[in-house]
Amino acid sequence: MHTINEHAGAITRILVLLLLAGAISRADVLYNVTLNTGALPAGNYSLFFQLTDGSGTNDANNTVMLSNFGFAGGSALAPPQLYGGAAGDLSSSVTLIDNSFFNAIVQGFTPGSQFTYRLDLSTNVDAGGTPDVFAMSVLRANGVEIPTLDSSGANTLLTITIGSPLWIQTFSADPNAATSTGDFITMDAPVVTPVGPAAVPEPSSLLLLGSGLAGCVRLIRRKLNQ
Amino acid sequence: MNLMIRKLVVFFTAFLAVFLGAGALYAQSAACPAGSQLYVYTGKPLTQLWYDYNGGPDPNGKNPFKTINGYICVPVGRCRQFLTDVTQLVTDFSFSSGGYTVSKSSPDLTVAQTSFYLRCDADGNVSGWSLQAARGFPGTCNGVFGFGTMTMGGDCRGAPSGHCNFPYPNDSAEASKCDPDGKDTFIGGASPPLGDPGDWRTNVECADFLNGFVSLNVTGPTITAVFTPPGDLHVAANVCGVDHFNWQQTINYLPAPNSSITLPNPPGLMLTAPPRIFDPAPKGVIDYSQHYVQCRGKEWAVTSPAVDLSYPFYYSDAELSHMATADQLTFQDSPSDPCMSGNDPSGNPGIAHTEFTTWLVGVDQFGLPVSLPVLNSWDWLSTWNGSSGGAYGIKNLNLPDPGSGTGGTTVLSINGVPTRGTCASNTTASVTVKRGGYVYSIGTGRFTQTVTLTNTSAGTLNGPVSLVLDKLTNGVSLYNAGGVTYCTEPVGSAYLSEPGDLKSGQSVNFTLQFTDPTKTGISYTPRVLSGLGPQ
């Protein structure tokens, strides 16, 4: 009985450590995003990136970092409009943290042949059943989204639902829907390419996992010595 | 024959003497003071009146029962004071009682007449009451016409008298308790017409004046309710311990766009609900001046009447004086808004409609609302998009302008009981609800969310399937709602519906569009309804 108790205690400790390690892990995902903007009619547009908090508690448990912006002949137009937990601009990098319900940046740009950027996204799932969402849209100069095939009606080109599993949706412009200025736009859906490992356990997690395993080994050795 | 006639004359003389000996009865028409004892009679106007505690008929015309208004209240210590200003007649009503009752529907249907008596003690206080029934036995009592009397109720009962006994208990022991010191005096008596004994009751309660005395009527865009309590409003208010009655009304659902602007002015905000608001609102409902609203494809000029400060009641004191008589209190509303759907209100009202709850309320002497022990409340909606009295207004005392619009009003429920048939079923436990995240559109100014329902039960859920959003964050509204619940609890929650059945294992997506002007967060509790019947 004593042995069984010892084993049970050890297993419990290991499980607790593993659970703790899992709970505090921060699995980031990295993507390169490419949007072909060459077919856009001449003029100024705006890029609209948003991160909404699904929990409604402003839990700040997810961060989106946008960097390495490339306009391929185009350029960003200053200044940006920032909402909630948004910082930065398209000339350098942008950070969105869900410490408000609505966190967004809107900044004008002149399109070149394509628009590219790197997306670094944490993937913590919100409590309460409603996930955080990252989305990207392109607006006409009058501030209205280019119509896309996004069935939700939000006219996004890219929507990433930060749930389990992560859900990435891309949409092309709707060639049959008139824009707010009366013309029709054809634009492919953005291409989202993974970069590097999908999830990187943090050192603290490894430390906890290692501690648990060490305890397990020690327990087995003690048993063998007896 | 002469002998027979003489016998009858003797009998009736003796019978009358019983009543004459009862003396006078004191009552008052004003509100009964606290501590007064209240007695109520319902039936035909009383015709046989007995007065003068020294015996004899009513020589001075002071018997209060001459023009009885259905209640007799005797202030403590004023048993011998004459009161003569009772004015209202009572015709036909009845109410429950914890006391003894004699009426046409009593066990003995041959009761021909009833009389009510009060007794005064030596100090001038009411020491007791009794209710006496008289019954004729034509050809059945010892072979001749007979007549008998019996004290049926009161704080003591007496022995029967007359030629034949009544089939009621004879409690001599009780009778002996009536007046142990022998100092009581019968001070009054009254009887309704012979053959129509009426309905006598004591221990009346406020509920007796509220239960079933509000009638509802819907005619096109106009809804009318009339509160006609037994006796009159004064009696009912007296019994219920309030100064008078009024109505209260809330607007439970009022989508944008609409023609109602909140104060102050300028600029004024468009009024919307939920959350439910009083009608009229604390600072009035409508802007002082003309304003404009765009809906149904055109711009409408809305010229409002003077600001309405009836809050927290539906009617101000001035309006109430026009809506109340001595006998009844009327409620009438013809809400009109050019932005409403104009749909047939008995079918699908569409999103553009207004929902209300109206109820009867007491008002105390300080002008504050007092809840009544019996609910007289109803939920209703209006789709009317015409004008009333040449104007648009949620609280509208004018009659509709014929031909100025379409739609109308309908009652959804009375005292919480739906009037439109069986409601849709709550099948929340049979589905899983998977919510997507919120995505904002700058172009529309709305957040969208996709919600997926999956039928996890073994059976099919009959369509339409509705996703109801309970406890939606204040200030947030479901832009593309198909309506709000009015048949299932909680009412007033926005919902979306998808036609068709949902088979076992099958899923259906709902795309929700929210307006959240502050962008500070959206939350709700999902509820799923399925099947035919209103949500």
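This is a predicted model: local features need pLDDT of at least 70, side-chain atom pairs count only at pLDDT 80 or more; totals for chains, interfaces and linings use all residues.
Let's begin in a loop: Ala72(A) lies between strands β3 (63–70) and β4 (75–76) of chain A. The phi angle of Ala72(A) is near 50°, a positive value in a residue other than glycine. Most residues other than glycine have a negative phi, and most peptide bonds are trans.

**Backbone spots to look for**

You will find Lys519(B) in the loop between β30 and β31 of chain B. Lys519(B) counts as partly exposed because it has 19 C-beta neighbours inside 10 Å, and a residue needs 20 or more to be buried.

Helix α3 spans residues 233–240 of chain B, and its buried residues are Val235(B), Ala236(B), Asn238(B), Val239(B) and Cys240(B).

Chain B also has cis peptide bonds for you to find. One runs from Asp279(B) to Pro280(B), with omega near 0°. Pro280(B) sits in the loop between β13 (277–278) and β14 of chain B. Another joins Gly463(B) and Pro464(B), where omega is about 0°. Pro464(B) belongs to the loop between β25 and β26 of chain B.

**Chain B as a whole**

How many helices and strands does chain B have? The count is 4 helices and 31 strands. Chain B has 535 residues, of which 44% count as buried. Among contacts in chain B with a separation of 6 or more, 69% are between residues 24 or more positions apart.

His291(B) is placed in strand β14 (residues 291–295) of chain B. This histidine is buried because 20 other C-beta atoms lie within 10 Å. Between the C-alpha atoms of His291(B) and Ser259(B) the separation is 8.3 Å, and the two residues are 32 residues apart along the chain.

**Strands side by side**

| Strand pair | Bridges | Opposite residues |
|---|---|---|
| β11(B) (222–227) and β16(B) | 5 bridges | Ile223(B) and Asp333(B) |
| β26(B) and β29(B) (494–498) | 5 bridges | Leu467(B) and Leu496(B) |
| β26(B) and β31(B) (525–530) | 6 bridges | Val468(B) and Arg527(B) |

Strand β11(B) is part of an open sheet of 3 strands, in the order β10-β11-β16 of chain B, with antiparallel pairing. The edge strands are β10 (214–219) and β16 (329–333) of chain B, and each pairs on one side only. On average, neighbouring strands of this sheet are turned by 15° against each other, direction ignored.

Why is strand β26 (residues 465–470) of chain B largely enclosed by the rest of the structure? In β26(B), 5 of the 6 residues are buried, so the strand is largely enclosed.

In soluble globular proteins, nonpolar side chains tend to be buried together. In this model, the largest nonpolar core has 86 residues, and Phe49(A), Phe134(A) and Tyr495(B) touch the most other members. Strand β10 (residues 132–139) of chain A gives the largest share of this core, 6 residues. Domain 2 (207–418) and domain 3 (425–530) of chain B both contribute residues, so the core lies between them.

Leaving aside residues up to four places away in sequence, Phe134(A) touches Leu51(A), Val64(A), Leu121(A), Ile160(A) and Ile162(A). Another core, of 21 residues, lies apart from the largest one, and its members include Leu210(B), Tyr314(B), Leu329(B) and Val361(B).

**Where the chains meet**

Finally, look at where the chains touch: 18 residues of chain B are in contact with 25 residues of chain A. On the chain B side, the elements that give two or more residues are β24 (439–441), β25 (446–455) and β30 (507–515). The largest share, 3 residues, comes from β24(B). By class, this side of chain B has 5 nonpolar, 11 polar and 2 charged residues.

Terms used:
Residues are numbered from 1 along each chain as its sequence is written. Chains are lettered from A and ligands numbered from 1 in the order in which they are written. A residue is buried if 20 or more other C-beta atoms lie within 10 Å of its own, exposed if 12 or fewer, and partly exposed in between; C-beta atoms are placed from the backbone. Two strands pair if DSSP finds at least two bridges between them. Axes are lines fitted to C-alpha atoms, for helices over the stretch in contact, and angles run from 0 to 180 degrees between N-to-C directions. Two residues are in contact if their C-beta atoms, placed from the backbone, lie within 7 Å. Ala, Val, Leu, Ile, Met, Phe, Trp, Tyr, Cys and Pro count as nonpolar, Asp, Glu, Lys and Arg as charged, and the others, Gly among them, as polar. A nonpolar core is a set of buried Ala, Val, Leu, Ile, Met, Phe, Trp, Tyr and Cys residues joined through C-beta atoms within 7 Å. Domain bounds come from an automatic or database domain assignment.
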